[in-house]
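Student: I have a file open and would like to go through it with you. Can we take it piece by piece?
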Amino acid sequence: MAPLAQQLTRPAVSLRSLTRSFDGRTVLDSVDLDIPAGQFTALLGHSGSGKSTLLRAVAGLDHQVVGSGELTAPERVSVVFQDSRLLPWRRVLDNVLLGTEGNKEAAERGRVALAEVGLAGRERAWPSELSGGEQQRAALARSLVREPELLLADEPFGALDALTRIRMHALLRRLWERHRPSVLLVTHDVDEAIVLADRILVLDEGRIVLDLTIGRAHPRSYRDPLLGEYRERLLAALGVREDVPSEDGLVTKDSK
Ligand SMILES: Nc1ncnc2c1ncn2[C@@H]1O[C@H](COP(=O)(O)OP(=O)(O)OP(=O)(O)O)[C@@H](O)[C@H]1O
Ligand SMILES: [Mg+2]
């Protein structure tokens, strides 16, 4: 593998003037973005701001976006969603190996990947026998088996309880450190983004309105007061003020 400094100079993802509309409504409005190879980036934004639309485009899942601008992404891309999307009729290892059948090397990588996410010994379990967190770990193992250059994750921890989420954060960061794919993590959770990512983007009204580099060493603590400054800037970009409580404790742009 090339040295990290060299990897970081080569963009893995490049968008130029990427635009996407649905029924005449513009959701992505001429977005420009470069994600260097090996960078861990998070994408924040209100519900409906176009995060999943952007991720689907980068994943190559949106064929209609082609021609609206320029989009470059690596060949080996893995996507992890909020639900694990494990096939219930396939055992855990067979789910992890989906699409790599007959490849002996992949089978071994599948076992290694399951061990990396703490699921050694569960290869022959059915997905229904795993907890929600274990299913998401199996989904991460499945994404790793493809040795992705780019890992796209759309709120992968959104359905998990708070404790499991924190454990998953540490796991994802560890896996990233070991494999060094570029990561684009879509999340609603400002703290999740700050603790995990080295760069955070905020999407609003079809555009990237904030592009923030987090210059703090890892592992980061949720309690680190210096992270509070980033939090404030991100919440401001999201149009959320913490100073004036409303019914739900927050004042949002919409309720101002
Ligand atoms: N296939 C589609 N057809 C029509 N409209 C769509 C389609 N996909 C997305 N949209 C619209 O585009 C907008 C952005 O959707 P998107 O799923 O990207 O939002 P999001 O930021 O991921 O939201 P959330 O945080 O709730 O997941 C929404 O208003 C949605 O209704
Ligand atoms: Mg979404």
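Student: How many bridges join strand E8 to strand E9, and which way do the two run?
Tutor: This is a predicted model, in which local features need pLDDT of at least 70, side-chain atom pairs count only at pLDDT 80 or more, and totals for chains, interfaces and linings use all residues. Residues are numbered from 1 along each chain as its sequence is written, while chains are lettered from A and ligands numbered from 1 in the order in which they are written. As for the strands, E8 (residues 199-204) and E9 (residues 207-213) run antiparallel and are joined by 6 bridges. Strands (E, at least two residues) and helices (H or I, at least four) are DSSP runs, numbered from the N terminus, and two strands pair if DSSP finds at least two bridges between them.

Student: Which residue in E9 is the bridge partner of Leu 203?
Tutor: Ile 208.

Student: And what is in the turn of that hairpin?
Tutor: There are 2 residues between E8 and E9. Glu 205 lies in that loop and has a positive phi of about 45°, although Glu 205 is not a glycine.

Student: Is Glu 205 buried or exposed?
Tutor: Exposed, because 12 other C-beta atoms lie within 10 Å. The cut-offs are 12 or fewer for exposed, 20 or more for buried, and partly exposed in between, counting other C-beta atoms within 10 Å of the residue's own, with C-beta atoms placed from the backbone.

Student: What joins E1 to E2?
Tutor: 8 bridges, with E1 (residues 11-22) and E2 (residues 25-36) running antiparallel. Leu 15 stands opposite Leu 33 in E2. The hairpin has 2 residues between the strands, and Asp 23, in the loop between E1 and E2, has a positive phi of about 50° without being a glycine. Asp 23 counts as exposed because it has 4 C-beta neighbours inside 10 Å.

Student: Changing topic: which residues surround ligand 1?
Tutor: Phe 22, Val 27, Gly 45, Ser 47, Gly 48, Ser 49, Gly 50, Lys 51, Ser 52, Thr 53 and His 188. A residue is near a molecule if its C-beta atom, placed from the backbone, lies within 6 Å of it.

Student: What is the shell like by class?
Tutor: The shell has 2 nonpolar, 8 polar and 1 charged residues. Here Ala, Val, Leu, Ile, Met, Phe, Trp, Tyr, Cys and Pro count as nonpolar, Asp, Glu, Lys and Arg as charged, and the others, Gly among them, as polar.

Student: Which helix gives the most to that shell?
Tutor: Helix H2 (residues 51-59), with 3 residues.

Student: Now the core. Which residues in the largest nonpolar core touch the most other members?
Tutor: Leu 43, Leu 44, Val 96, Ala 141, Leu 152 and Leu 185, out of 65 residues in that core. Helix H5 (residues 132-145) gives the most to this core, with 6 residues. A nonpolar core is a set of buried Ala, Val, Leu, Ile, Met, Phe, Trp, Tyr and Cys residues joined through C-beta atoms within 7 Å.

Student: What is Leu 185 in contact with, leaving aside neighbours within four places in sequence?
Tutor: Ala 42, Leu 43, Ala 153, Leu 196 and Ala 197. Two residues are in contact if their C-beta atoms, placed from the backbone, lie within 7 Å.

Student: Last one: where is the cis peptide bond?
Tutor: From His 218 to Pro 219, with omega near -5°. Pro 219 is found in the loop between E9 and helix H8 (227-237).
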